[in-house]
Amino acid sequence: MDVTVEELKQRWSDLGTIIENAKQEKRSIRKRLSEFPGYHIAPGRPRGATTKVERNNEFITLYKDGKTCTEIGSMYGISRQAVQQTLKRYGITQADSGRKPNETKCSVNGCENVGRVTKGMCPKHYSRFKKWGDPNHTSKEFQEHDPICLVDGCNKDFKAGGLCYNHYMSFKGFKKRGKMIELREFLEYQKSKASKKSYEH
């Protein structure tokens, strides 16, 4: 069915009128509802918080009682970031939190790290366990070496992972492309590469 431009304009105008009337009716109903005891204005707020100031004060109380920003956000139907921003405006810092710090000690013998643990291990040892299957795993190449690049024939100072900047970036590229994972493979590759060059010459 063909519709003229004038008809579309009229429909648009009618819709605007309907929306405006709906907004006014919504405000009127909300005002009447607010007269009932215990009514909470904003959706997502627990019963009892009738104003934004009261809600923010409840944020502070809950945070000091040990609740996290994520937990508070879930209670009020808002994001963790919104809770953090509100607390920040009121000068509330992490030091004000009533949440007890995690004092669990790493279960690996000889490790004195205390804090967040996964499967009884600190982040360092859990990372080793996840990658190598052994929380005490240490690559032989990293145990003792001179302060120069581990690649044979390279006399540059190492910058990261026992390698100079150029070799480290090269190794990082190989790992990213999935060609090799262990440093041992890279060192053998560089050694064979150098041997091939010397043979050609």
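## Ala 160

In this predicted model, Ala 160 is partly exposed, with a relative accessible area of 26%. A residue counts as buried under 20% and as exposed over 50%, so a value of 26% puts Ala 160 in between. The loop between α6 (140-143) and α7 is where Ala 160 is found.

Ala 160 can also be placed relative to Cys 149. The two residues are 11 apart in sequence, and 9.1 Å separate them in space, C-alpha to C-alpha.

## The chain as a whole

The chain has eight helices and zero strands. Along the sequence this gives the pattern α-α-α-α-α-α-α-α.

Of the 201 residues of the chain, 22% count as buried. Among contacts between residues at least 6 apart in sequence, 26% join residues at least 24 apart.

## Helices α2 and α3

The axes of α2 and α3 come within 10 Å and cross at roughly 140°. The two helices are therefore oblique to each other. Their crossing is right-handed. On the α2 side, the contact is made by Arg 55, Glu 58, Phe 59, Leu 62 and Tyr 63, and on the α3 side by Cys 69, Ile 72, Met 75 and Tyr 76.

Cys 69, Ile 72, Gly 73 and Tyr 76 are buried in α3. Around the helix axis they cover an arc of only 100°, which puts them on the same side of α3. These buried residues pack against both α2 and α4. Just after α3, Gly 77 takes a positive phi of about 70°.

## Helix α4

α3 and α4 pack with their axes 8 Å apart, at an angle of about 110°. That makes α3 roughly perpendicular to α4. From α3, Cys 69, Thr 70, Ile 72 and Gly 73 meet Arg 80, Val 83, Gln 84 and Leu 87 of α4.

Within α4 (residues 80-89), the residues Val 83, Thr 86 and Leu 87 are buried. Seen down the helix axis, the buried residues of α4 fall within an arc of 95°, so they line one face of the helix. They pack against α2 (52-64) and α3 (69-76). Lys 88 and Arg 89, on the other side of α4, are exposed. Just after α4 comes Gly 91, with a positive phi of about 75°.

## Tyr 63

Tyr 63 has its place in helix α2. Is this residue buried or exposed? Tyr 63 is buried, with a relative accessible area of 9%; the value is under the 20% cut-off, so the residue counts as buried.

Not counting residues up to four places away in sequence, Tyr 63 touches Cys 69, Ile 72, Leu 87, Ile 92, Thr 93, Gln 94, Asp 96, Ser 97 and Gly 98. One of these, Asp 96, is 33 residues from Tyr 63 in sequence and 7.8 Å from it in space, C-alpha to C-alpha.

In soluble globular proteins, nonpolar side chains tend to be buried together.

## His 125

His 125 lies in helix α5 (residues 123-132). With a relative accessible area of 6%, His 125 is buried.

Which residues are in contact with His 125, leaving aside its neighbours within four places in sequence? They are Cys 106, Val 108, Cys 111, Pro 135 and Asn 136.

Definitions and conventions:
Residues numbered from 1 in each chain as written. Predicted model: local features only at pLDDT ≥ 70, side-chain atom pairs only at ≥ 80, totals over all residues. Heavy atoms only, no water. Buried < 20%, exposed > 50% of the residue type's maximum accessible area, 1.4 Å probe, protein only. Helix = DSSP H or I, 4+ residues; strand = E, 2+ residues; numbered from the N terminus. Arc of directions from axis to C-beta. Contact = heavy atoms within 4.5 Å. Axes fitted to C-alpha atoms, helices over the stretch in contact; angles between N-to-C directions. Parallel < 35°, antiparallel > 145°, perpendicular 65-115°, else oblique. Left-handed = near helix turned anticlockwise from the far one by under 90°.
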